[in-house]
Amino acid sequence: MKFLSTRGKTPATCIDAALVAGLAPDGGLYVPETFPPVNFSTPSTSLADTALRTLSPYFVDSSIRDRLEAICATAFSFDAPLRPLNGSGDHLLELFHGPTAAFKDYAARFLAGSLEALRDPDAPPTTILVATSGDTGAAVAAAFHRRTGFNVVILYPDGKVSPRQAHGLGCWGDNVRAFRVEGSFDDCQSLAKRALSDEALRAQVRLGSANSISLGRLLPQAAYYAHAASHFHAAHGEALNVIVPTGNLGNACAAFVARRMGAPVGEIRLACNANDTLPHYFSGADYAAQSTRATLANAMDVGAPSNFERLRHWHASDAELRAGFVAQSIDDATIRDTIRNSPARHGVVPCPHTATGLKLLEDLRAAGDTRPWAVVATAHPSKFETIVEPLVGHEVTPPPALAASLAAPAESFALGNDYDALRQVLAG
Ligand SMILES: *Cc1c(COP(=O)(O)O)cnc(C)c1O
């Protein structure tokens, strides 16, 4: 199995090289040259087993193919249950049972396991550099924590992540260091990009990235869609339609990959916040990236969804792509109303991201749609307690893994918005 760049100016490469590289040399995103068909008609009992079935065809000629089973067993060691909601045919696909209580745990753990397996044991350690507005940094930190041969440096904007998010970045210790940068998320991202393209620095230290465009984060996410849909299909004889709270489009692209591989995933709808680049495009406007707007669903605050390039690559034309998806924008006031009404309407307390998806479900039902839908629950509501608790009027208890990290002491280091200071941290 070969992997190509969406920009077509990089020679086809093998999975090992694509995983290590992250971004293709021509600036494009790696995609598999074909979608290998997998028979999902008999569901697996464990998510780890579905992950192995889903990912094996991509690793047939990988140097780590014999370790794939162990990597999947570790990365997919917590369940992704399909929980029935009030109302017939309505479900929540809960992806928040991992160590940082967000869906990014699955892919970060798979990527960390793969990179560790691919690593030359005699090589000096690699520093994974990650700029974060919250969830990604915590998932990457948890995934690489205490892994031999890796250090993690996290950059986050001081004062612009929630207190619980800041704690989740600073609570790891050992090989993980969190820096609170005097600046915005964009400043953090520019610092990280500058370091990753600093050839002189890279001659001194091995740097790596774990950002959301990495193939090693996209492919594993197809596993939970294949798992949920194959179980649903075996029980009900129908495809499972999904509503995906969307920012960079990584999670929604994974649902598409699962469907193209043969998983019984039906329609894929994209729930966006006030950042409405995708709703504009899918309603017929030319694609136009926007600057980012801050919303209650902050992990979806993306004005230029990086995985759009993959989705466009997989369709022959804009018309074909537009025919395949519906995207809808949900504003903050509606997110608040949906969180407030969800316990009575749906029987669950959602996080602000999941609330955008529940709103799309409500609109579908109001319009008379009778198909079965699963809303993807991307994070646990207790991560966003300052928003959610006042709206539902009670405390929301963190799941055990998140509670454990909240109980651990946290430490972060101050860093100016200053490249030379970051360079010293990395080189030192
Ligand atoms: C990252 C994230 C999203 C958006 O996912 P994409 O793959 O970027 O579209 C939605 N909700 C939560 C909680 C997230 O952390």
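**Close-up views of the cavities and the ligand site**

**View 1. The second largest cavity.** The second largest cavity has a volume of about 40 Å³, taken as the space filled by probe spheres set on grid points that are joined across faces, edges and corners. This is a predicted model in which local features need pLDDT of at least 70 and side-chain atom pairs count only at pLDDT 80 or more, while totals for chains, interfaces and linings use all residues. Residues are numbered from 1 along each chain as its sequence is written, and side-chain values use heavy atoms, without hydrogens and water. A cavity is a set of points, on a 1 Å grid over the protein atoms alone, where a 1.4 Å probe fits but cannot get out, and its lining residues have an atom within 4 Å of a point. Here the lining consists of Thr246, Gly247, Cys272, Asn275, Leu278, Met300, Val302 and Pro305.

**View 2. The largest cavity.** About 110 Å³ of space lies in the largest cavity, one of two cavities of 30 Å³ or more found in the whole structure. Among its lining residues are Pro99, Arg164, Trp172, Lys383 and Leu406, and helices H6 (163-170) and H17 (400-407) each supply at least two residues of this lining; helices are DSSP runs (H or I, at least four residues) numbered from the N terminus.

View 3. Lys104, Asp135, Gly247, Asn248 and Thr378 come nearest of the 15 residues around the ligand, where a residue counts if one of its heavy atoms lies within 4 Å. A backbone N or O atom of Asn248 lies 2.8 Å from an oxygen atom of the ligand, and for Leu249 the corresponding distance is 2.9 Å.

Methods
A polar contact is a pair of N or O atoms within 3.5 Å; within protein, one must be able to donate a hydrogen and the other to accept it, and residues adjacent in sequence count only if both atoms are side-chain atoms. On a 1 Å grid over the protein atoms alone, a cavity is a set of points where a 1.4 Å probe fits but cannot get out, and a pocket is an open set with protein on both sides within 12 Å along at least five of seven lines; lining residues have an atom within 4 Å of a point.
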